[in-house]
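Let's take a friendly walk through a structure. Keep it open beside you as you read, and look up each residue as we come to it.

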Amino acid sequence: MSTNVLATPADVDLLPTQDGEDLRAAVRSVLAAQCDPTAVIACYDGDRSVVAPLWRALAVDLGLAGLLVPEEHGGHGATARDAAVVLEELGAAVAPVPFLTSSVLATGLLASPTATDAAAEVLTALAAGEQVATLVVPWSTGPGDVPLLGSDGGAVRSVAGAVEADVLLVPVAAAGGTEVRAVPVAAAEVTGVPSLDMTRQLADVRVSAEALAAAPVVVADADAALTDALTLGAALLASEQAGIIRWCVTTTVAYLKERRQFGRVVGGFQALKHRLADLYVEAEQATAAATWAAATAAEGAGPDAGPDEARLASAVAASYCSRVAVHAAEETVQLHAGIAMTWEHPAHLALKRAKSDQIALGSPEQHHVIVADLARLPGPTAG
Amino acid sequence: MTAADLRERVERLLAEHDPATTDRLDFLRARYDAGLAWVWFPEGLGGLGLARGDQGPVDALLAEAGAPGNHPERNGIGLGMAAPTILRFGTEEQKKRFLRPLWTGEEIWCQLFSEPGAGSDLAGLATRAVPDGDGWVVNGQKVWTSGAHNAQLAILVARTDPDAPKHRGLTYFLCDMTDPGVEVRPLRQITGEAEFNEVFLNDVRIPDSQRLGEVGQGWLVAAATLDNERVAIGGAAAPREAGMIGKVARTWRERPELRTTGVHQQLVESWVDAEVARVTGVRLRQKLAQGQPGPEGSAMKLVFAGLAQRLSGLELELLAEDGLRYSDWTMVRPDRVDFTGRDAGYRYLRAKGNSIEGGTSEILRNVIAERVLGLPGEHRVDKDVPWKEIPR
């Protein structure tokens, strides 16, 4: 039964907490030491040597792999708010690590109410940083219609997080309904593909009927669990986008304060000042929207708000932050001009991640369909 | 003070002044005296020195008990701009004299800032204030003065030193609008009505006790008012679907025969933008609760103006043949600023002012670029030049 999202929810606290800022500082310091843009750019040339040590430092040393894993499975039992802080930092560095795919999306799915005992085993391994998991759907899949494999197996194109994964969570249309099976990567065929965003490289995944049959069910009756996990994923993707946006604004403002043309600092030209001001305003709004989505995912919005409030916050943030992240990255390229067209300058990392993120976990248009439904704004043909 | 203490204070006010039997004005005065008008103001001035965030529960309790409100929309300039400026820069006597009747609405305020030759370049204003005995004599002309026809008092910026560069020769005053030298003429607008006025100041006498801040420091005080103005315009708490988005969404729901695919796409995207703006406003107010308003308020005002203009235009398109009609072109002088109350055509036209009043969107972008992002200021040929030597 849907709740009335038109009622105004209670204000959630959108300001940073001390714990959150401590977490941010810790993540930032690891990224500063181990996520140099030059090494990240190398991912595009096939050198992914930055990934493993960086992931170990974040996942194991900082314990981020277990951030959202419940304490009884060896995790920290933290909330989406904490994950949002991490993702802002990972986004700002365009870090090539499987935090969103494994520690948010797969973890969220495995912690859902219809998860089985077999899921607990995987969660424990994820929390310890011993394994990495991913959900086997095209990375463009939004909360809604999830493409399923049949029990005879098959192929899924453009899966994120599979290149790094040890465990593949495969949604299957089974006789008893939708279920998710945990296939070890060794039992499947994972082929990395050249991706627009090589810092989150996609792969084509093929799973045989035998591999599926041998894999344990980790989530039964999984429709709602898949929607919820993808809703959480989209909500937190918005924080990654907010991080990209922050990097774009900060970097571009700093550059335009230094760069001189016609004997003047370029940032003093009013046309450019106005574009940066607009970008700042959009960045502030994106941060608020993403924080709201994470806080609502974490805590709901008070006793009167139903689960639809979290779905709405996720769809609004995903739609808005997608749009702004792409705009910010495109402005970063334009305002850096020629230097942004070079391989050495990291602007292209942000652009490629931002454009890919816009399509990831549901396009803005798909999220608008969710918003239209929840806000009771039916399309013209809906009658 | 704990939440329970505050609650008890509200309950005591309600017990001693039953809203059902107490005269409206008596109740508002009692509420002010109980420190429950604006609880973040100091004790004795309508507040209790609490956090801004403590006001919400107080308002909710009072509304629940059926207590009368103070119609803030009728005195938006008083409450949003004059009050915080007086609180920050006023003497103890000024605070005691002006804040109580301001809050209760016994005295309505307007803002005598803009002039025919000084809009965005406010510091270039020409209205003169000349010392005279224990006060000042003011001459000049103001324009775009909302609600001057209802106001008893005004915040006024006037030039006291034409030999100083323009920002340094200004002084801020509290002006009595009932002075015989004040002449208010309606200024009919694009909507047909006259919400604004021209105000002519002819030998208006202002006692020195109604000077706010130091002589020559008027720009500093005015800048604080402008920050407050932008926060008041852009940062007001609003429910989901408040303002223009609510109007368009309701029409969409109630009139399925008007729906088209193109408008649907724009409507849903705007719904997202309006909701993001609402949430950003929540965050801004949480920030403000920790300190003075800064240039961040300019950002919300920009957003508010853009949304109002986009949506009011979309509403006319949605209404199709009805969008071609207009309710009433009669010249009236409304007693409050009304952005959304009338029909769609009025809303479309009135919204054009949202990116002009209280600082144009272009000026606000400069404010954000310079004061928030630290980019270089505009080239100023009038910098350090005595005001009287600047060509006009």
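Tyr32(B), Trp38(B), Trp40(B), Phe41(B) and Trp103(B) are linked into a cluster by ring pairs. Rings of Phe, Tyr and Trp (for Trp, the six-membered ring) pair when their centres lie within 6.5 Å; planes under 30 degrees apart are called stacked, over 60 edge-to-face, and the rest tilted. This is a predicted model, where local features need pLDDT of at least 70 and side-chain atom pairs count only at pLDDT 80 or more, while totals for chains, interfaces and linings use all residues. Residues are numbered from 1 along each chain as its sequence is written, chains are lettered from A and ligands numbered from 1 in the order in which they are written, and side-chain values use heavy atoms, with hydrogens and water left out.

Over all chains, a search of the whole structure finds 12 aromatic pairs. Here are two of them:

| Pair | Centre distance | Plane angle | Type |
|---|---|---|---|
| Tyr32(B) and Trp38(B) | 6.4 Å | 70 degrees | edge-to-face |
| Phe304(B) and Phe339(B) | 5.9 Å | 50 degrees | tilted |

Helices (H or I, at least four residues) and strands (E, at least two) are DSSP runs, numbered from the N terminus.

Are Tyr32(B) and Trp38(B) buried or exposed? Both are buried. Buried means under 20% relative accessible area, exposed over 50%, and partly exposed in between (1.4 Å probe, protein chains only). Phe304(B) has 27% relative accessibility, so it counts as partly exposed, and Phe339(B), at 25%, counts as partly exposed too.

Now to the place where the chains meet. In chain A, 46 residues are in contact (heavy atoms within 4.5 Å) with 45 residues of chain B. The rule finds 8 salt bridges across this interface, a salt bridge being a side-chain nitrogen of Lys or Arg within 4 Å of a carboxyl oxygen of Asp or Glu. Arg323(A) forms a salt bridge with Asp273(B), with the closest N and O atoms 3.0 Å apart. Several elements of chain A give two or more residues to the side that touches chain B, among them helix H8 (223-258) and helix H10 (307-336). The most come from H9(A), which gives 14 residues.
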